[in-house]
Amino acid sequence: MSTPLRLGIAGLGTVGVGVVKIIRQQATLLQNRCGREITISAVSARTRDKDRGVNIGAYAWEDDPVALATRDDVDVFVELMGGSDGPAKAATEAALAAGKHVVTANKAMLAIHGQLLAGLAEANDRALRYEAAVAGGIPIIKSLGEGLAGNDITRVMGVMNGSCNYILTRMESAGLTYEEVFDEANALGYLEADPELDVGGIDAAHKLAILSALAFGTRVDFDGVEIEGIGCVKIEDIRHAADMGYRIKLLGVAQMTGRGLEQRMAPCLVPAASPLGQLEGGTNMVVVEGSDVGQIVLRGAGAGEGPTASAVMGDVCDIARGLRLPVFGQPADTLATAPRAQSATPAPYYLRMALHDKPGALAKIATVLGEAGISIHRMRQYDHTDDQAPVLIVTHKTTRAALNQALDAMDSTGVVVDAPVALRIESV
Ligand code: NAP
Ligand code: HSE
């Protein structure tokens, strides 16, 4: 009879409790599918006597996650505490060095220390799996690393932060301001303890950096992701975008170009009729384009107890079955250092600005755009009652550098009331 696979779980919050529940409730199914029993030897969290809604009395307790990770009766260390450094990293390193496999949901740790940890895992011939770290329940890591392994991946993009998508779609459906929906999302517990990780685009950028490495065979380069949060998006932008057949999404795009690797996470306009445009609420979507498969779209819950624990358990089952794969799809020491593209692929841009309502104001803006080599595709001036004219411009394709030149020059025309909002229109 085969031996059980014994887990040590550090972190008994939303995800950790979900994992404990699946192991208890699906014991027979897991055993049938993995060919061996999955058991929990020991657990760790900050507070021992907290009611977690599951009985953990049968498992040994460790106050110190590093001690848990190195126990003799642990085959797989399951890291569900979070945080890029601190106990999560220390315990993961200790586990790998002690010859344990590791499963984690920690995108911050992998985005920053992915290369180091992949090297450590491979040097110790152990698995380091992280399906739950990107897009919750969507099996995007498995899809890229296994099902699509025969493709030259050309672009990966997606909505990978459910909280931001909830905020943007709720602003639109309820006609509420960003500030009102932010408070609502916070009260509902949707946002991270530090909400800036969500609305500042950082959490989603961690996920994009991980996908880039896997998709393009490159070292994880989180610092190479251009990041812009959703705080600049106003309800008027959402309405104007809808008027023109677009929706605004916090979209991550990673693309290998002749100029190097482009990685950006920013609010963008996407066609309302596209799969990304139709994504509602806290749901995630990842779109992959490959040389032979064409475009595929994966959609599902990007967070929450069940979906995230489901992804963790997929990794645990693979380890139980003996599957061993390089952490980022190919040996860590063969991952390339991709040059960062110094400029993004040209795209049309949406510009919203308020102009002082006086003769020649619009002409000055048109001149500044023309001088930067930017051609206007569509333009609207909206009704107004005060002396500020709301103006909307959609450009033809241009570079961000040219746009920045125009935005700088607009500042000194004396006709713009506040800094214009500029959002890329992404072709999806
Ligand atoms: P959580 O609910 O805040 O739970 C964190 C757990 O870690 C708690 O049980 C906490 O202990 C424990 N912990 C924190 N610091 C610790 C330390 N120094 N020593 C021992 N235990 C410690 O977090 P979560 O939402 O489950 O997220 C866990 C991981 O999954 C994070 O990396 C997160 O980014 C990732 N993730 C979460 C989701 C989601 O939907 N929640 C989705 C995808 C990925 P106490 O309970 O005693 O405080
Ligand atoms: N804060 C993240 C989100 C949790 O809103 O998507 C899942 O990673």
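Reader: Let's start with ligand 2: which backbone atom is 2.8 Å from one of its oxygen atoms?

Author: A polar backbone atom of G162. I'd call that a polar contact, meaning a pair of N or O atoms within 3.5 Å; within protein, one must be able to donate a hydrogen and the other to accept it, and residues adjacent in sequence count only if both atoms are side-chain atoms. Bear in mind that this is a predicted model, where local features need pLDDT of at least 70 and side-chain atom pairs count only at pLDDT 80 or more, while totals for chains, interfaces and linings use all residues. Residues are numbered from 1 along each chain as its sequence is written, chains are lettered from A and ligands numbered from 1 in the order in which they are written, and side-chain values use heavy atoms, with hydrogens and water left out.

Reader: Which side chains lie 2.7 Å from a nitrogen atom of ligand 2?

Author: E192 puts a polar side-chain atom at 2.7 Å from a nitrogen, and D198 has a side-chain N or O atom at 2.7 Å from a nitrogen too. The surroundings of ligand 2 also include K107, N161, S163 and K207; to be near, a residue needs a heavy atom within 4 Å of the molecule.

Reader: And how many residues surround ligand 1?

Author: 22, and the closest are L12, V15, T47, R52 and G304. Oxygen atoms of ligand 1 lie 2.9 Å from a polar backbone atom of V15 and 3.0 Å from one of R46. The side chain of K50 also has an N or O atom 3.0 Å from a ligand 1 oxygen.

Reader: What about charged pairs: how many salt bridges turn up in the whole structure?

Author: Side chains of opposite charge can pair when their charged atoms come close. The rule here asks for a side-chain nitrogen of Lys or Arg within 4 Å of a carboxyl oxygen of Asp or Glu, and the search finds 27 salt bridges.

Reader: Now the domains. What is buried between domain 2 and domain 3?

Author: First the bounds, which come from an automatic or database domain assignment: domain 2 covers 140–300 and domain 3 covers 349–425. Buried area is the accessible area (1.4 Å probe) that two parts lose on being put together, summed over both. Here it's about 1300 Å², with 59% from carbon and sulfur atoms. H240, M244 and L269 supply 44% of what domain 2 buries against domain 3, more than any other three residues.

Reader: How many salt bridges cross that interface?

Author: The rule finds 3 across domain 2 and domain 3. Elsewhere in your list, look up D237 and R352, whose side chains meet at 2.4 Å, N to O.
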